[in-house]
Amino acid sequence: MKNFPLIPLTAALCAFSLMAPLSLRADVAPKKINLSEFPAAAVDDVVVPVPSEIFSVLDKLGNPNWKVQLRDGKVRTPETPSRIAFLLGNVIAEGFVAVEAEDSERVKDIGRQVLKLSEGINVKKSVITRCKSITDKADQRDWKGVRSEFDGALQDVRAAMDELNDHDLSQLVSLGGWLRGTEVLTAIVQNGFSKDGAELLHQPELVNYFDRCIGSMSPRLRKDPLVAHVRDLLRKIGPIVSESGDSITAENVKTIHDLTKEVDGQIVTGGN
Amino acid sequence: MQISITPLFMCHLTMPYPLRRFLGSSLCAALLLGAAAPLLHATVDDSVSFAYEAALPYYKQGYSIRKDAWGGDLAVHEKKAVSIQLFKGNTYWFLMATEVKGATLSVHLYDDKGNLVDGESWQKGRFAGARVNPRATGTYFAIVQILKSSEDRTTWALVYGYK
């Protein structure tokens with residue numbers, strides 16, 4: 001923004017009136033606001049970051065070995081819708097890892113898994129086109145395009161679930177993605193601990209948001225053992241990620257990694 | 001660009017959840033009032049399309065534009081706060097738009113202590129944008145506002161990109 005106090009007022013006004021129609025104008029924003037005035041005027045919905053938002057920072061901090069983070073094997077479609085929803089988000093997050101690893105075969109395999117899991121909760125139609133695009137773009141090694149398609153697949157699946165009034169399951173898809181993304185983030189940060197890397201875990205509002213989401217789910221879903229287990233995990237992680245970013249220690253990172261890895265294992269295998 | 005403009009009759013299938021929820025409540029209100037629901041449907045969708053239009057130059061600069069978005073409607077000078085998790089190390093552009101011709105709006109970014117953190121911002125008619133390079137990872141707030149409009153309530157949409 002222009003520093004108007006340094007310019008004589010009349011000259012500034014003349015210049016502005018001449019330039020205004022031709023240029024992009026910035027309105028004057030207050031330098032400081034009182035956020036407590038906003039709770040009643042806040043938008044409740046939280047846009048959950050996709051893993052690649054965090055992975056892109058990790059790439060700038062170092063040269064992570066993404067290939068070793070890839071999970072082995074194929075997943076089976078679980079029987080319970082809650083686990084399918086968690087797993088679907090988890091697998092889409094795995095897709096972002098595969099993109100970072102630039103592993104086109106793995107990306108295509110994950111695209112197929114997304115399609116299969118979507119079928120398990122009746123939203124296959126909504127992602128058929130996306131999954132085809134994932135395959136095509138992986139063949140072309142268009143990684144930015146594949147990232148965009150995974151993001152789109154996440155939105156399409158959630159949109160279709162909301163359409164079916166499965167809002168709770170839709171939230172579990174996001175949560176499943178966040179859990180896998182956090183597991184990978186903590187694995188990489190552990191391997192070469194740095195304050196900047198650990199700071200990426202400072203996500204207090206997001207963890208609170210997920211906790212609130214589970215709290216507002218139907219009693220039946222809240223009692224689902226896996227959902228209850230994830231809520232327990234969120235409550236353990238909450239105090240750690242609420243600390244200021246530079247206070248998150250290597251031990252904290254390990255704790256979060258162990259917790260997310262264990263729950264992701266349950267999502268994939270059902271505890272078997 | 002991967003952002004598809006969906007045929008009107010399919011919009012409800014692809015609209016991001018916050019917008020879909022807004023649309024859902026708006027449609028209920030419209031039905032109760034006997035208003036034309038399809039018109040409202042188009043309005044929300046158009047604001048999203050305009051927001052993606054504003055994001056296009058940034059996509060070309062290498063920003064990944066998220067498919068998720070926020071939206072709603074506001075009276076003139078009414079403000080809303082949208083909370084966002086941002087990560088230090090990324091650069092973000094927030095792009096806001098409305099479908100209401102002649103309306104002007106603004107978006108600015110604040111940290112969790114209420115300090116303005118815009119690295120740059122612009123406003124041009126129905127579009128506005130703000131860039132932020134977060135100095136710390138954490139929760140930030142996009143304050144959105146309608147500055148001028150001929151409508152009582154002006155629909156808006158906000159999208160963001162990062163790199």
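Modeller: A residue is called buried if 20 or more other C-beta atoms lie within 10 Å of its own, exposed if 12 or fewer, and partly exposed in between, with C-beta atoms placed from the backbone. The model is a predicted one, in which local features need pLDDT of at least 70 and side-chain atom pairs count only at pLDDT 80 or more, while totals for chains, interfaces and linings use all residues. Residues are numbered from 1 along each chain as its sequence is written, and chains are lettered from A and ligands numbered from 1 in the order in which they are written.

Colleague: What percentage of the residues of chain A count as buried?

Modeller: Chain A is built of twelve helices and one strand, where helices (H or I, at least four residues) and strands (E, at least two) are DSSP runs numbered from the N terminus. Read along the sequence, its pattern is α-β-α-α-α-α-α-α-α-α-α-α-α. Out of the 272 residues in this chain, the share that counts as buried is 44%.

Colleague: For contacts in chain A between residues at least 6 apart in sequence, what percentage join residues at least 24 apart?

Modeller: Two residues are in contact if their C-beta atoms lie within 7 Å. In chain B, counting contacts with a separation of 6 or more, residues 24 or more positions apart account for 74%. In chain A, for contacts between residues at least 6 apart, the share joining residues at least 24 apart is 75%.

Colleague: Which element gives the most to the side of chain A that touches chain B?

Modeller: The contact between the chains draws 51 residues from chain A and 47 residues from chain B. On the side of chain A, strand E1 (42-43), H2, H6 and helix H9 (204-215) each supply at least two residues. With 14 residues, the element that gives the most to that side is H6(A).

Colleague: Which residues in H7(A) do A:Pro51, A:Ile54 and A:Leu58 meet?

Modeller: A:Pro51, A:Ile54 and A:Leu58 are among the buried residues of H2(A). Their partners in H7(A) are A:Gly177, A:Gly181, A:Leu185 and A:Ile188.

Colleague: Is A:Arg141 buried or exposed?

Modeller: A:Arg141 has a positive phi of about 55° although it is not a glycine, and its place is in the loop between helix H5 (124-139) and H6 of chain A. Because 11 other C-beta atoms lie within 10 Å of it, A:Arg141 is exposed.

Colleague: Where is B:His77 placed?

Modeller: Phi of B:His77 is near 70°, a positive value in a residue other than glycine. B:His77 counts as exposed because it has 10 C-beta neighbours inside 10 Å. Its place is in the loop between strand E2 (70-74) and strand E3 (79-86) of chain B.

Colleague: Which residue in the turn between E6(B) and E7(B) has a positive phi?

Modeller: Strand E6 (residues 120-124) and strand E7 (residues 127-132) of chain B run antiparallel and are joined by five bridges, where pairing requires that DSSP finds at least two bridges between two strands. B:Lys124 stands opposite B:Phe127 in E7(B). The two strands form a hairpin with two residues between them, and the turn residue with a positive phi, of about 55°, is B:Gly125.

Colleague: How many Å apart in space are A:Lys254 and A:Asn34, C-alpha to C-alpha?

Modeller: A:Lys254 lies in helix H12 (residues 250-269) of chain A, and it is partly exposed, with 15 other C-beta atoms within 10 Å. A:Lys254 and A:Asn34 are 220 residues apart in sequence, and their C-alpha to C-alpha separation in space is 36 Å.
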